[in-house]
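Work through these exercises with the model open beside you. Try each task before you read its solution.

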Amino acid sequence: MTSPNPALLLPYRLEHTPATAAHPGEVALNRVRLTIGDDPDGRTSWPVRCARIALDLPTAHGAAARTGEPVILRTRLELERGTGRGRQWLVETTTTDPTLTTLTLNPAEPASFDGTWNLTLTLDISTPLGIQSRITEDTAPGDSSPQRRSGNATLTATHLPN
């Protein structure tokens with residue numbers, strides 16, 4: 001899915017590679033990549049001030065949650081360093097709800113997306129994922145105060161490299 005979703009100020013691309021185990025008995029991990037700030041169609045009004053982004057990834061419909069087993073996940077954040085890019089981003093994960101995994105991205109200081117850079121979060125997760133996700137952002141046009149906005153995003157199936 002490439003946005004901008006009308007409810008959101010930032011453009012998002014959400015890609016997914018379903019889990020496959022390389023060897024029998026291995027834990028298979030789904031890979032998700034969320035790219036923020038990449039707008040090849042030029043539909044975003046820059047700059048966008050960002051204080052927080054949350055991604056809700058629901059468990060696939062009909063997937064059996066393993067009772068008592070932890071969710072296995074790994075995150076990697078890619079960001080070019082520079083002025084106005086949030087300095088340092090913290091990724092917090094919440095897996096207490098067996099039907100939902102939430103990732104919250106918090107910059108140490110508000111970031112100013114201006115169309116010249118993007119932020120990419122790669123997630124490997126053991127939970128089978130649903131195709132409809134929810135993104136919540138605390139954003140504002142220009143230098144105004146961020147407000148909370150939410151919109152839905154669809155996972156686009158693709159092969160993502162390891």
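## Exercise 1: A residue and its surroundings

Apart from neighbours within four places in sequence, Thr139 is in contact with Leu9, Leu10, Val48, Arg49, Cys50, Ser145, Pro146, Gln147 and Arg149. Here contact means heavy atoms within 4.5 Å. The model is predicted: local features need pLDDT of at least 70, side-chain atom pairs count only at pLDDT 80 or more, and totals for chains, interfaces and linings use all residues. Residues are numbered from 1 along each chain as its sequence is written, and side-chain values use heavy atoms, with hydrogens and water left out.

Solution. 
- Step 1. Find the strand. Helices (H or I, at least four residues) and strands (E, at least two) are DSSP runs, numbered from the N terminus.
- Step 2. Check the accessibility. Buried means under 20% relative accessible area, exposed over 50%, and partly exposed in between (1.4 Å probe, protein chains only).
- Step 3. Look for a polar partner. The side chains of Thr139 and Glu137 make a polar contact at 2.9 Å. Such a contact is a pair of N or O atoms within 3.5 Å; within protein, one must be able to donate a hydrogen and the other to accept it, and residues adjacent in sequence count only if both atoms are side-chain atoms.

## Exercise 2: Two hairpins

Task: Which strand pairs with S9, and in which sense? Then describe how S5 is joined to S6.

Solution. 
- Step 1. Apply the pairing rule. Two strands pair if DSSP finds at least two bridges between them.
- Step 2. Start from S9 (residues 132-141). 8 bridges join S9 to S10 (residues 147-154), and the two run antiparallel. Gln132 faces Thr154 in S10.
- Step 3. Inspect the turn. S9 and S10 form a hairpin with 5 residues between them. Gly142, in that turn, has a positive phi of about 60 degrees.
- Step 4. Move to S5 and S6. Their pairing is antiparallel, over 6 bridges. Thr93 has Leu103 in S6 as its bridge partner. A hairpin of 5 residues connects S5 to S6.
- Step 5. Visit Pro107 in S6 (residues 100-107). Pro107 has a relative accessible area of 12%, so it is buried. Its contacts beyond four places in sequence are Cys50, Ala51, Arg52, Gly86, Gln88 and Trp89. The C-alpha atoms of Pro107 and Arg87 are 6.7 Å apart, although 20 residues separate the two along the chain.

## Exercise 3: Aromatic rings

Task: How many aromatic pairs are there? Classify the pair of Trp89 and Phe113, then the pair of Phe113 and Trp117.

Solution. 
- Step 1. Recall the rule. Rings of Phe, Tyr and Trp (its six-membered ring) pair if their centres lie within 6.5 Å; planes under 30 degrees apart count as stacked, over 60 as edge-to-face and the rest as tilted. The count by this rule is 2 aromatic pairs.
- Step 2. Take Trp89 and Phe113. The ring centres are 6.4 Å apart and the planes meet at 65 degrees, so this pair is edge-to-face.
- Step 3. Locate both rings. Trp89 sits in strand S5 (residues 89-94) and Phe113 in strand S7 (residues 111-113), so the pair links distant parts of the chain, 24 residues apart. Both Trp89 and Phe113 are buried.
- Step 4. Take Phe113 and Trp117. This pair is stacked, with 4.2 Å between centres and 15 degrees between planes.
- Step 5. Check burial. Phe113 has a relative accessible area of 0%, and Trp117, at 4%, is buried too.
- Step 6. Join the pairs. Trp89, Phe113 and Trp117 make one aromatic cluster.

## Exercise 4: The whole chain

Task: How many helices and strands does the protein chain have? What is the strand order in the open sheet?

Solution. 
- Step 1. Count the elements. The protein chain has 0 helices and 11 strands.
- Step 2. Trace the open sheet. Its 5 strands are in the order S4-S8-S2-S1-S11, with mixed pairing. The edge strands, S4 (73-79) and S11 (156-157), each pair on one side only.
- Step 3. Examine one pairing inside. S1 (residues 12-17) and S2 (residues 30-36) run antiparallel and are joined by 6 bridges. Glu15 has Arg33 in S2 as its bridge partner.
- Step 4. Finish with burial. Of the 162 residues in the protein chain, 40% are buried.
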